[in-house]
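The report below takes up how two chains meet and then turns to one of them.

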Amino acid sequence: MLALLLGAPGSAPARGSDTVSARTRAFLDAVAAYDRDAYDEAAAGFERLARAGAPSAKLYYDLGSSYLKNGNLGRAILWYERARRLAPRDPDLAYNLAYARKLTVDRAEDGGLRWGELLFFWSAVLGDGALRWAAVVANALFWGALAVRRLRPRRGWSYAASVVGGLTLLLLATVGYRALVARHDRAAVVVTPEVAVRAGLSDDTTELFLLHAGATVDLDRIEGDRARIRFSRGKIGWVPRGAVQTIRKVEQP
Amino acid sequence: MGQTTPEDTKAVFRNTLHAGMTAAALSLLLVWAVPAVALTARALVDRTRVGPNDVLGLTVEVEGGDGTVDTSGILDFDVQGRGRSSSVQIVNTHMTRRIRYQYALIPKRTGTLTVPPLPVVDGQDLTHTDPIVVTVAAAAASPHRVQDVVVEADMPRAPLYVGEQIGYTFRVVAAVKLYDASYQEPDFDGFTAVKLGDPQAHTEVVNGRRVTVTEIVYLLTPQRSGSLTVGPAVLTCQVAVEGTRSRRRDPLGMFDDRFFGRVPVTEKVLRTRPTTVDVLALPSAPKGPVRFSGLVGTFSLSASLHPATVSAGESATLTLSLEGLGNVDEAGAPPVAAPDGFKVYPDHPETDTRVTPEGTRGTKRFKYALVPTRAGAFELGPFRVVTFDPEQGAYRTLTAGPLTLTASPGNTSTAAVPALPMGVPEEPGPVVRKRAVETTGHDILDLHRGLDALTPVRTPETAGFAFALALPVILFVGFRWITTRRRQKPTPGERMARRARDLLAEVRRVGLAGKGASLLHRAVVSAVLARSGREGEALTYDEVRDELRNTGLPVDAIGRVVDLLSRLDAARYGGGAGGTDLLTEGEQVVKVVLGGRKS
């Protein structure tokens, strides 16, 4: 019952063997397309699966790899970043993402000190799911230790309860921090080969600087078909909405 | 003198509070009264015509906000930040705050260079400075001649072999005094670099001018083959500007020292040219019983035995000496083959080397204590070492020996002990030079091909997560309540109430005949005592009335209780059993008296 309550929404329930096998067939077709170097076909297949189903780090990784092989650096990094938020410790993903970032043109600029990342420097080690599960287990252990201590009031159980309690607080604070970050996560990736960042909402306004595929920006706000982005502290401007895509939100078809 | 009264203290406190509030209000008023100034910025340079080794000073002044200057767009210069300062100016009640950011710009080339418009951001505000055009002349445009300070890098250009040691010399030739000199080492990517001691300086006369030559020497060893580049070494210093000394003010020249702040200086950044050398891989090592030792250079091998004649059971010392120029300090013990019947005790090798610009020069000695376990004449060696001679571009096999050791009959009591394997080198096997693993290809890793890629990541939803966190708390609270209840001792009232109920149950079981009336009587009395919260056995009618009155039981109910007790006494002492109505009446009375109290 606990597992059901903790299960993620949007997980497509099995509606029948036809649906499951259709997804499996689609996945295997995409893999086969990748193997015969039809990377655009593989990317299209993986993307249909990604947008239609629940989040999967491995599927996003495959999609990113297909785009990268197909020469679409921006979308490759976009999907790698989406996978990284689900599986921050995947070594293959880390390698491929680092590889892709080396191909980007624009040098990343320092966005300044982020206190949250400094205080919760360990938060990137675990994914959201693992972090929450760890908090649930630690919390249960804490109250269990308190219950045992009540039956057998010994110093060892008090110490154990204190340690586990501290760990629980730490995990809960980290979960809270991650939720806060996710809520305000406006990171986006430039998906077009090149985009001119302008001072205003039309192409007549002054071009301030250029960004290229794979550059990571913050999406400030959207007005009509334009989006205001921030690349670094000194580089802000407007781009066509379609030139950037947010990492956190996967648009459904 | 009068004493401070409480009224005085209150007055002081009141006045302090008033003064503080007034100051805060004035500050706020001042802030609000100052009209908001739009963000503006301008860029200034100290000159627009410089030499290739001159440093250009750039100042960006920002008004109307803190502003952050983005210098990443400056491509024609290397940019070094030199700090910031701020000032406040009040003119006709208008307060202006100005921030100055200072930078040092080092030109990357000669010609016409541009400092582009620099964006300055303050929150939502954005402004740009005007562009600045600077001319960098090929000849020095500064009043100071370039030849007064020259930097050079000296390194052999001939092709090298991997492992071949060479010297690299950074040299500064200065005809004038240098101040605040700082040196940045070049990038020795692909080499191991050993700095040879402290910088060495000497004076020379060049073209009639006395110059100071300062040298820093490194010993480099290429670690991989290919075209390797040693990056530029950079010297940053300040040089006195010639012709600015005022002799009339200081005829003795005693105070013309920067210490006294009287000598104007100009900053210089000098770089050497990068040096590229071709490094050849060593050819395939020769096949044979002796493997390549890893030594690159010119070496010789010698062997000695002392004494050459011993008695069996006595030791002689075998010394193998490797001498030459190259990585002799990395040499491992040469392999040694000895006949059976020897005990061998290797000693720690001795190294006598010094590092020179040509390479490591010296000798490394390997000593062994040899103990023959039987008499006879034994041949030791020959001893061989395979090295690579970069001058000839070929491998050489160095040979020493053989040597003859004669053992006369003597104390061989230990001869039964088998000899250790001879020639135990410092390291097992020949020394093989390790080299860095080179990357030979670039690609991403393969797909995740398993069907688990279709399995979604399960993340606990917020409601379920909160429930999972709350559940142990709820269980613990319930557990705590249960254990607390169990630990509590019943009160006297609770004990009496339980006794009343137990007695009632007994009466129901045995009936009113016999002792049933007594039991019922005791049950009613127990109920009265339970209501009062005390323990006891018997009560008079008056005590019953008092107890029930004090605990708030209505008068009619009190009468009912006393009446029942009276009837029960009659049944007890009168010999009658009483009717079932007595039992029914007794149950009702007990229930009324207990009033819902739980035992």
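Across the interface of chain B and chain A of this predicted model, 14 residue pairs, both members at pLDDT 80 or more, are in polar contact, a term for N or O atoms within 3.5 Å where, within protein, one must be able to donate a hydrogen and the other to accept it, residues adjacent in sequence counting only if both atoms are side-chain atoms. On the side of chain B that touches chain A, the elements giving two or more residues are β8 (119-122), β9 (125-128) and α2 (462-487), and α2(B) provides the largest share, 14 residues; helices (H or I, at least four residues) and strands (E, at least two) are DSSP runs numbered from the N terminus.

The rule also finds 4 salt bridges across this interface, each a side-chain nitrogen of Lys or Arg within 4 Å of a carboxyl oxygen of Asp or Glu. One of them joins Asp35(A) to Arg449(B), with the closest N and O atoms 2.5 Å apart.

| Chain B | Value |
|---|---|
| Helices in chain B | 7 helices |
| Strands in chain B | 31 strands |

Of the 599 residues in chain B, 37% are buried, that is, under 20% relative accessible area (1.4 Å probe, protein chains only).

Local features need pLDDT of at least 70 and side-chain atom pairs pLDDT 80 or more, whereas totals for chains, interfaces and linings use all residues. Side-chain values use heavy atoms, without hydrogens and water, residues are numbered from 1 along each chain as its sequence is written, and chains are lettered from A and ligands numbered from 1 in the order in which they are written.

Conventions. Buried means under 20% relative accessible area, exposed over 50%, partly exposed in between (1.4 Å probe, protein chains only).
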